[in-house]
Structure formats: structure tokens, C-alpha cells
Amino acid sequence: MQEKKKARPPSGTARHRGEVRPDRIQHALDLEAAVSTLESKLNEERICENAVSHTIEVIRDFYDADCVLVVVINPQSLTLRCENKVYREGFVSSIIEALIVPGTPDLIREMMQIKAFTILDIPALAKNNVAVYRNLSLAGLRQMLTIPYGVPINGLLSVCNPRKHAAHSSLLCMAAYVIAVELPVQNRNQLVRSTSCDGAQLAENEVYIKLLDGFELHTKEGMLTEQSIQRKQGVVFLALLLFQKGQLLPIDSLLESLWDDPDILTDPERTLRNLGYSVRKNIEHLFAGGDFLEIQKTGFAIGRKYMITTDFDRFVLRVCEADQLTDGKAKLEHYTAALDAFQGVVLPHHKSKVIDRIAGHYHRKRTDVQNTALSLMFNLNLFERMHELIDQALVCRGWDKDLFYWDIKAKMGMQMFAEARSVFLANKEKFSDLQLEELSVLV
């Protein structure tokens, strides 16, 4: 890989002092908008410690990229692992991820040499590893911006197929810092919470919350259900606070989250505080210190001494364990086992903006893992299992672009070309340009 060098303008193209190129003006405007967007997102309610996800979403939009990958490097085992990712709608990033992760030793050693912002041009680097880069090109990867994060280097932040501002690194540098700070905190929290995720008895300060197919709160002292809380709004209030894992939620933010129009309340703040006192009264018997729900002048929070695990956390932990496996078949079995255990609807008896956001978070993660499992099945020629997983996924998400794509790929793998062509032609408008190019053999 060659590190990016500053380009010098050709002779004869010197500009008058003070003249600013239009592309630099646009870059400055886009950069200001991206930073403002990221600041706004990070100041909003951070469901499930979403800082890294918010950051790479802004990166994707700023560069107008197909996908952004946060890749962890293990120099001892010479493996790569995708810690986080976000992709353009219609672009199946699991194809690229399956090729990069775990990667080949040569590719990993090469990536470990990256010391600064690097522009990786796939065709130009084909001579270093013909097979890997041919596959990456077939998967639609043309260019990748990469920057390391962490000290020493823990991993790489990679932007795939940028359409804008590919020569600029300022936003990537800031994002690398955010990721280097946030990921260790999230991983440490996951490791601490893992004791309550293996079925062991909960410790004094451990709390487990289940949201799929109904609310349950478990502590060492017992279990509480949504019927015990009595007020439906109280369940939503408590679920939101639990997802913050100790973060203080301001009164205004809670009012906007819990009521579609807080202004219709006679005294909004008093109504919220009454709700808080009611919830605390109904749960205090599970917490000897009476300090689980903190009611402050400026807002509400769950006491920071409590280690909170959700059913979402259990799923993420199982997926992380699968990510670290190098054997494809073993990885696939772990993914499918995690998906089988992560079924249901988030708080099906409750409707609110908060529940929609939490449910969306659950849905995106489950969809991401399903797509990754389907990609693995395709690489392992397990085409019948692909159709089984697609049938399971339809129950949760219905037909979408990715499932149509994998359905066609599975049919092609089983030599069912007439059926694959029929599905393709009936849903042609749903696919991205890259997918259309790949599936054009069916026309």
C-alpha cells in the first residue's frame, strides 16, 4: 500500500493569491455540515452505546461511500475482524466483509503497515495479491480510504468506494479518534456484562432486561414484569433508561420521547416526575439500597454502579464470539445459533417513538447478521440452508432487497436458473448498479 502524498499543481497552473477553488468551498461546507450532524447525533439519546455507529454513518454520508468498515487487527493470529460497519442502502457489504475478514496473511501484514491516511486503489495493487484483489474487484470494491486507529494500532477505519472528497482526511482523523476512545469502553462493558450472559446467577449489582416478546427485569432478588409496573408509560420510561446504562436523560428529552406532544399535559415536568416515583416504588423491592433509579433535578438515570445487560447485549456478545472464529463452518453455526435465540418483537404491547427506535436497533443488527450468515452459506455452497434462513428471516423482516438478492444467488447455486431469472426480472428495480451488473448473466 502506498501512503497518500500531497499532490503539487502542474506548472503553469498557479492561482492568484486568495483565490479559492469551488471544490474546496464545497468540501468546507460539507465538512461543517458533517461535524454538526455528528455533534447532534452524539448529543441525542445514545441507545446501546451508539457513538461508533453514529460516527461511521456520518463518514459514509460525507464521502458518499458504499460502506464503512471498522476492522480490528490481531497481529498474533494474523486475523481481521469487522467490529462495526454501515453501508449504502442496496449495497451488500457482507460480500466485501467475507473477503476482507479474516483475510490472507499477506493482506493482513500489508494492512498492518498503514501508518497514516492511505488511498488504496484496487486495480493498481492487484500485483501484490492477485486472487484477493480480483475477488474484491468482483465484489464491487474499486477504491478504499483507510486510516489506523488506536495506539498502538488496534485496527483500521476503511471507507469503500467514496464518491466525494476522497483526497481529504480531516473527518476520518477525527472519526479514528472517536473510535479509538469508544471501542475499548464498549468492549470493556461487554466483557464485564458477560458474566450475566452465560446463565450464571446474577451478582449483587447485575441487572438483566428482556424486551423481546415482553418486558422482564431480573436481579439477584427476583424478577419483575410489565404487569408489576402497572403503568404502560412506566415500562417505556424504564426501558429507555436501562438502554442508557447509567447516562443521565434530561427531562426535556424524556418528555419528547415518551409523549408525542408533551404540551398537551397540564404540567409536563410534574407528570414525568410522578411517573418516575411510581416506577421507583414498584421496583425498589429488587434493590436493597433503593438507589437503582436516580431522580435528579435535571433528569433521570439508572445508578452507575449497576451493570446492565439486555437481550440485545447477549446477541451482540454471541456474534462477537462468532466473528473471532477463523473456521467458516464453525462461524456459521455460531451465527445461526445466535439468530435462533434472538427472535421476537420488542415490547409488542407498547407503541411509542422510543420503542420504534429500540426495535429498529434490534432489527438492523439481526438483519446484518442474517446477511453475513447468508454470505457465508453461499461461500460454503450451502444453498438449501440459504433458503431455510431466508424463510426464517421473512417472519421478522419480510421481503427486502437483500433477501431477494440472496434468494436469487441461492437459486443460481442450485442451478435453478429459470426460477432465479424470474425473481430477478420481477424485482430488477430493487437492486443496486453493482448487483445488477453481477446478476446480468440472468438476462
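Colleague: Leaving aside neighbours within four places in sequence, which residues is H387 in contact with?

Modeller: D407, A410, K411 and M414. Contact here means heavy atoms within 4.5 Å. Before we go on: this is a predicted model, where local features need pLDDT of at least 70, side-chain atom pairs count only at pLDDT 80 or more, and totals for chains, interfaces and linings use all residues. Residues are numbered from 1 along each chain as its sequence is written, and side-chain values use heavy atoms, with hydrogens and water left out.

Colleague: Is H387 buried or exposed?

Modeller: Buried, with a relative accessible area of 18%. The cut-offs: buried is under 20% relative accessible area, exposed is over 50%, and partly exposed lies in between, using a 1.4 Å probe and protein chains only. H387 sits in helix 14, residues 383-397. Helices (H or I, at least four residues) and strands (E, at least two) are DSSP runs, numbered from the N terminus.

Colleague: And F315, where is that?

Modeller: In helix 11, residues 311-323. F315 counts as buried at 2% relative accessibility. Leaving aside neighbours within four places in sequence, F315 contacts A338, L339, F342, K365, R366 and V369.

Colleague: How far apart are F315 and A341?

Modeller: 7.8 Å in space, C-alpha to C-alpha, and 26 residues in sequence.

Colleague: In which sense do strand 6 and strand 12 pair?

Modeller: Parallel, over four bridges, with strand 6 spanning residues 206-210. I209 is opposite T310 in strand 12.

Colleague: What about the three-stranded sheet, what's the order there?

Modeller: 9-11-10, open, with antiparallel pairing. Strand 9 (249-250) and strand 10 (293-295) are at the edges with a single partner strand each, so one side of each has no neighbour in the sheet. Strand 9 and strand 11 (residues 299-302) are joined by two bridges. L249 is opposite F300 in strand 11.

Colleague: Which helix packs on that sheet and touches strand 9, strand 10 and strand 11?

Modeller: Helix 8, residues 232-244. Its direction makes about 65° with that of strand 11. Helix 10 (residues 268-283) lies across strand 10 and strand 11, at about 150° to strand 10. Axes are lines fitted to C-alpha atoms, for helices over the stretch in contact, and angles run from 0 to 180 degrees between N-to-C directions.

Colleague: How many residues are in the largest nonpolar core?

Modeller: 77. A nonpolar core is a set of buried Ala, Val, Leu, Ile, Met, Phe, Trp, Tyr and Cys residues joined through side-chain atoms within 4.5 Å. Among those with the most contacts inside it are L211, L217, F237 and F292. A second, separate core of 25 residues includes F62, V72, F117 and L157.

Colleague: L157 is in which strand?

Modeller: Strand 5, opposite I147. Strand 4 and strand 5 (residues 155-160) pair antiparallel over six bridges. They form a hairpin with five residues between them, and G150 in the turn has a positive phi of about 90°.

Colleague: Which residues of strand 5 are buried on each side?

Modeller: G155, L157 and V159 on one side, L156, S158 and C160 on the other. In strand 4 (residues 143-149), six of its seven residues are buried. Strand 4 also pairs antiparallel with strand 3 (residues 118-121), over four bridges. L120 has M144 as its bridge partner there.

Colleague: Last topic: how many cavities of 30 Å³ or more?

Modeller: Two. A cavity is a set of points, on a 1 Å grid over the protein atoms alone, where a 1.4 Å probe fits but cannot get out; lining residues have an atom within 4 Å of a point. Grid points are joined across faces, edges and corners, and a volume is the space filled by probe spheres set on the points. The second largest cavity has a volume of about 30 Å³. Its lining includes R280, F287, D291 and F292.

Note on methods. Pairing = 2+ DSSP bridges. 1 Å grid on protein atoms, 1.4 Å probe; cavity = no way out; pocket = protein on both sides within 12 Å on 5 of 7 lines; lining within 4 Å.
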